[in-house]
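Biologist: I would like to go through a model feature by feature. Please give the general idea at each step, and then the case at hand.

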Amino acid sequence: MSLKQLTVFVENKPGALVAITDTLAEHKVNIRALSIADTQEFGILRLIVSDNDTALVTLTREGYLIKTTDVVGVKIGDQPGKLSKALAVLDEAGINMEYLYAFMSRTEKHAYVVLRVADNAAAETALEAAGFHLITDVDINKL
Amino acid sequence: MEKRYYQPEIETMPVEEIKKLQSEKLVKQVRHVYDNVPYYRNLMEEKGVTPDDIHGIEDLHKLPFLTKADLRDAYPYGLLAKPLKDCVRIQSTSGTTGRRVVAFYTQHDIDLWEDCCARAIVAAGGTEEDVCQVAYGYGLFTGGPGLNGGSHKVGCLTLPMSSGFTERQIQFMTDLNATILCCTPSYAAYIGETAKEMGLTPDQIPLKAGIFGAEPWTEEMRRGIEAALGIKAYDIYGLTETSGPGVSFECSEQTGMHINEDHFLAEIIDPDTGEVLPEGSKGELVFTALDKEAFPLLRYRTRDICVLTRKPCSCGRTHIKMSKPMGRSDDMMIIRGVNVFPSQIETVLLQEGYQPNYQIVVDRVGNNDTFEVNVEMNPDQFEDTVGGITAREKALADAMKAILGINPKVHLVAPKSITRSEGKAVRVIDKRKLHD
Ligand SMILES: [Zn+2]
């Protein structure tokens, strides 16, 4: 049960980001979700893509610093307050969260969040027990 | 441990006798150079010195220096002190800038150079029972020919492999039981990695010792090579201008290299003023060749920064020891009043598990120096959070501060993002306008 995120080191230079998205587009890799954390010197680009292997190989070949990180994908739906509930579940289970970002599915009008937590297995168990639906790499291309 | 020397009477000669020997040789050598090298005679005349002013090593400071620029100006024959018919060999090195350095040798010069290399091999434990694999390049480069000659003098069975063809090197090493390896430290490390990839463990490698030089290397590298090959790794120093490897070499103590003082007279000077510094001071290393015939450089400035110490050594050798060069005098930066050498940064990076791919950027804002170090990250050092990366930057800055005494700002950057010029990384960018 896992969702793979690609994490790419981006230099804080004009055009650095578009070079990455162009490379992915050229190789027909779709970006499903994306977030950037940045400082004055560098940025960390986090991607959920349609084809991890192709993205990893092409970006590595282009010389990017890239790693795969296991994250937790959770379906939030479109009900108000659902995200707060998911966060409360993690909090109660004592699981620390590093970051999260959200995305929408193309097919249904549902929101999803990607969670980077200290303990993936514990988070997954707690969320499922609370009735949340989790998504994996297989699901990503159907959304 | 049994104490063995190649030339015991010279290598363990009492210090006063060494100095007396040096004085006698210097007086003769200055006369030889003055009479045969117009280029140096002119330099002496400009300084108002004649051979009559030189009575011994106490007068050495009166002589003019030679620098790499002189070698360039006098290329190719301007510093030759013997007719070409008396010379039997040239060796050459590419200078970092401009023309190549070409050095000439008489048979006497070759012999004394090979004696120096033989002393290094014996100090590393070599005897006529040993099989010595020379994996330095052969040809114009001094590494291969020098150690090859030294190995013959000791009576080792010599494998003149030259460098490259690493799997074949390892095949010869294991099939013919090579016990001593001579090459550059980076090649020794590469041989170690290749042997591991070939499935060999250190105890399957017959080597017992290695003699490594011709490029800077660190204690961390030494430990890595020793573990990978299951050997003791000894440093050797030299430069084509003074003959080649063997000007100085490490003994069993591994705490600095004994300079072959019967042939090479060493001084440490202040690189800015040229003033001779007392023993134990850090400064630029200067060599005078005491009895080379064809290419006898007097007071040649090596640009290497190091320290000389004459403490009794447990190996029994009495010759003065030089530290591993700590940098090049032309690389030294003064940042916030502190001397900083790129090699110090490199040491910290290796210690902390980074590759030595870095760039130092110095600037001046107002009256303060800014000091930044960009370091390329490996994939396993890349963290997916900002906090993870800044924590790594802070840890590196702290480790650098502990060595340098001043605090740099460290930036981790993407692999291969540091500017390279002709394949070599540009190590230092100094934007300060300190000299008009
Ligand atoms: Zn010693």
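This is a predicted model: local features need pLDDT of at least 70, side-chain atom pairs count only at pLDDT 80 or more; totals for chains, interfaces and linings use all residues.

Biologist: Start with chain B. How many helices and strands does the secondary structure of chain B come to?

Modeller: Chain B has eleven helices and 22 strands. Among its 436 residues, 53% count as buried. If contacts in chain B with a separation of 6 or more are taken, 64% of them are between residues 24 or more positions apart.

Biologist: Now the metal. Which residues are the protein donors of the zinc ion?

Modeller: For four tetrahedral donors the ideal angle at a metal is 109.5 degrees. Here the zinc ion has the protein donors Cys251(B) through SG, His258(B) through NE2, Cys313(B) through SG and Cys315(B) through SG, at 2.1 to 2.3 Å. The angles among the four donor atoms are 103 to 113 degrees, and the site is tetrahedral. Along the sequence, the spacing of the donor residues reads C-x6-H-x54-C-x1-C.

Biologist: Where in the chain do Cys251(B) and Cys313(B) lie?

Modeller: Cys251(B) is in the loop between β8 (244-250) and β9 (257-259) of chain B, and Cys313(B) is in the loop between β12 (300-309) and β13 (321-322), so the pair ties together parts that are 62 residues apart in sequence. Cys251(B) is buried at 0% relative accessibility. Cys313(B) is buried at 9%, and Cys315(B) is buried at 4%.

Biologist: How many disulfides does a search of the whole structure find?

Modeller: The test is whether two cysteine sulfur atoms lie within 2.5 Å. Over all chains, the search finds zero disulfides. Take Cys116(B): the closest cysteine sulfur belongs to Cys117(B) and is 6.9 Å from its own, too far for a bond. Cys116(B) is also buried, with a relative accessible area of 1%.

Biologist: Turn to chain A. Which residues of helix α1 are buried?

Modeller: An α-helix has 3.6 residues a turn, so residues three or four places apart point the same way. In α1 (residues 16-26) of chain A, the buried residues are Ala16(A), Ile20(A), Thr23(A) and Leu24(A). Viewed down the axis of α1(A), they fall within an arc of 95 degrees, so they line one face of the helix. Ala25(A) and Glu26(A), on the other side of α1(A), are exposed.

Biologist: What do the buried residues of α1(A) pack against?

Modeller: They pack against β1 (3-11), β2 (31-38), β3 (42-49) and α2 (52-61) of chain A. After α1(A) comes Lys28(A), which has a positive phi, near 60 degrees.

Biologist: And a loop residue: is Ser105(A) buried or exposed?

Modeller: Ser105(A) is in the loop between β5 (97-104) and β6 (111-117) of chain A. At 9% relative accessibility, Ser105(A) is buried. Leaving out residues up to four places away in sequence, Ser105(A) touches His110(A), Tyr112(A) and Leu143(A).

Biologist: Last, the interface. What area is buried between chain B and chain A?

Modeller: The size of an interface is often given as the accessible area lost when the parts come together. Between chain B and chain A that area is about 1,400 Å², with 70% given by carbon and sulfur atoms. On the chain B side, Phe382(B), Asp384(B) and Val386(B) lose the most area to chain A, together 49% of what that side buries. The contact involves 17 residues from chain B and 19 residues from chain A.

Terms used:
Residues are numbered from 1 along each chain as its sequence is written. Chains are lettered from A and ligands numbered from 1 in the order in which they are written. Side-chain values use heavy atoms; hydrogens and water are left out. Buried means under 20% relative accessible area, exposed over 50%, partly exposed in between (1.4 Å probe, protein chains only). Helices (H or I, at least four residues) and strands (E, at least two) are DSSP runs, numbered from the N terminus. The arc is that of the directions from the helix axis to the C-beta atoms. Contact means heavy atoms within 4.5 Å. Donors are N, O and S atoms within 2.8 Å of the metal (3.2 Å for Na, K and Ca); water is not among the atoms, so sites may look incomplete. Four donors count as tetrahedral if all angles lie between 85 and 135 degrees; four count as square planar and six as octahedral if opposite donors are over 155 degrees apart and all others between 65 and 115; anything else is irregular. Buried area is the accessible area (1.4 Å probe) that two parts lose on being put together, summed over both.
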